[in-house]
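Keep the picture open while you read.

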Amino acid sequence: MRCERVHLDGTVRSRAAQETWDAITPHLPRYGITRVSRLTGLDYLGMPVWTAIRPTARTLSASQGKGANDLLAKISAVVEAIELWHVEQPMIPALHAPANDLDLPFPLSGLPVKFWHEDLVHLPLEWTTGTQLLSGTPVPVPLALVQRTARRAPWQPDVFRATSTGLACGNNRDEALLHAMYEVVERDALNADESANGRWRLRIDPASVGAPYARQLIDGLLATGAALELALVANAYSIPVCLAYLWTEDYPVHFAGAGCHQDPVIALTRAITEAAQSRLTCIAGTRDDLVSHEEAFDADPPRPPAATDLRPWAETVDGCEPWRGGFHDQAQAVAARIERVTHYEPVFLDLSAAEEPLAAVKVICPGTRSRVRRSIPR
């Protein structure tokens, strides 16, 4: 289905925000969401951040979301929770076999295995069925890459590093696929940058950013006395990936955010708002999987020195290709770009039923990598 684009501050969707919220709200009990709360007031930065709570979750019970306003942040939090709900549900394997017995269009080593050994191809695994995004060909996919649970079945080998990378919801499948692939590209680009000790980063002068919404975010943070660092991460996909680091004297930890989008301004604003969301998530303290920052308050930390190798925003993003066509066209274009870089076609799985208000997908891109640790080194 080809849908028109609705341009919102910090994002592009196929439906107006209020329409999306009205469609989701009646289904919240289905996903185990008992309450949605505004966290914004717990911090003085003023960026809208909300949380959605699922007390019976099999992974994380608290999901956070950010946005340009309360409605967008509330939707973001709920969508994050809905994404996790889908991969927590029991899934029946399509077959049980070693990879060596299957006609896979990608090597097992191209998937995120914890420790690679050539004999893994002889290990019997549970598989489900995915679809190659460009050709539409059905292919086997390890079930362990899709299903998330706090407790792994004891009879299943612990081979893969299952993450939320490539998990996304959208108002329709193409919208979900596109945002899932943006996440894959972002994390692969950050992994490559970390492996190169930050060599692919181009540091941006915050004062040179002129886009209205981005300017509003930057000015609002700087007015609080916060230190803000911005960077564009060059990558093989030629899709804008941005980083933001946020630091304040009263909470002297560098909170990082990242964003990827064909529109570089959206990539940048996503990075900025994610950094603020990360900070507020720690302030709220509802995520029990996050580490404590107690040691950060042991002494008065020096303010980070001002960077001197900054580039103008317009110069840095000059040459970025614009988005062309609708969501379907853009999703196909990004999938083709991923295939050109990795030499393997992206594979997706539909996770949602027809009667659900959102389309949920999991995209797996053999040949891509993501960082093992949670923090993004500065």
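First, some ground rules: axes are lines fitted to C-alpha atoms, for helices over the stretch in contact, and angles run from 0 to 180 degrees between N-to-C directions. Helices (H or I, at least four residues) and strands (E, at least two) are DSSP runs, numbered from the N terminus. What you're looking at is a predicted model, where local features need pLDDT of at least 70 and side-chain atom pairs count only at pLDDT 80 or more, while totals for chains, interfaces and linings use all residues. Residues are numbered from 1 along each chain as its sequence is written, and side-chain values use heavy atoms, with hydrogens and water left out.

**Helix against helix**

- Two packed helices are described by the angle between their axes and the distance between the axes.
- Take helix H3 (residues 173-195) and helix H7 (residues 327-342): they pack at about 30 degrees, and their axes are 8 Å apart.
- H3 and H7 are therefore roughly parallel to each other. For the labels, angles under 35 degrees count as roughly parallel, over 145 as roughly antiparallel, 65 to 115 as roughly perpendicular and the rest as oblique.
- H3 and H7 cross in a left-handed way. A crossing is left-handed if the near helix is turned anticlockwise from the far one by less than a right angle, and right-handed if clockwise.
- On the H3 side, the residues that meet H7 include Leu178, Met181, Tyr182 and Val185, and the H7 residues include Phe327, Val334 and Ile338. Contact here means heavy atoms within 4.5 Å.
- Sorted by class, the H3 and H7 contact has nine nonpolar, three polar and two charged residues. Ala, Val, Leu, Ile, Met, Phe, Trp, Tyr, Cys and Pro count as nonpolar, Asp, Glu, Lys and Arg as charged, and the others, Gly among them, as polar.
- Next come helix H4 (residues 212-223) and H5, packed at about 25 degrees with axes 9 Å apart. That makes H4 roughly parallel to H5.
- Which residues make this contact? From H4 you have Tyr213, Ala214, Leu217, Ile218 and Leu221, and from H5 there are Val265, Leu268, Thr269, Ile272 and Thr273.
- The H4 and H5 contact has eight nonpolar, two polar and no charged residues.
- H1 and H2 have axes that come within 10 Å and cross at roughly 45 degrees. That makes H1 oblique to H2.
- The crossing of H1 and H2 is left-handed. Among the residues that meet are Trp21 and Ile24 in H1, and Leu71, Val78 and Ile82 in H2.
- By class, this contact of H1 with H2 has nine nonpolar, two polar and one charged residues.

**The three-stranded sheet**

- Three strands line up as E3-E4-E5 in an open sheet with antiparallel pairing. Two strands pair if DSSP finds at least two bridges between them.
- Strand E3 (35-38) and strand E5 (62-66) sit at the edges with a single partner strand each, so one side of each is left without a neighbour in the sheet.
- From one strand to the next, the twist averages 25 degrees.
- E3 and strand E4 (residues 49-53) pair over four bridges, and Arg38 has Trp50 in E4 as its bridge partner.
- Helix H2 (residues 70-88) packs on this sheet and touches E3, E4 and E5, with its direction at about 145 degrees to that of E5.
- Helix H5 (residues 264-284) lies across E4 and E5, running at about 140 degrees to E5.

**The four-stranded sheet**

- Here the order is E10-E11-E12-E13, again an open sheet with antiparallel pairing.
- Strand E10 (201-204) and strand E13 (251-260) are the edge strands, and each pairs on one side only.
- Strand E11 (residues 227-233) and strand E12 (residues 241-248) run antiparallel and are joined by six bridges; Ala227 has Trp247 in E12 as its bridge partner.
- H5 packs on this sheet too, touching E11, E12 and E13, and its direction makes about 145 degrees with that of E13.

**Aromatic pairs**

- How many aromatic pairs does the structure hold? There are three. Rings of Phe, Tyr and Trp (its six-membered ring) pair if their centres lie within 6.5 Å; planes under 30 degrees apart count as stacked, over 60 as edge-to-face and the rest as tilted.
- Tyr31 and Trp85 form an edge-to-face pair, 5.0 Å centre to centre with 80 degrees between the planes.
- This pair links distant parts of the chain: Tyr31 is in the loop between helix H1 (17-24) and E3, while Trp85 is in helix H2, 54 residues apart.
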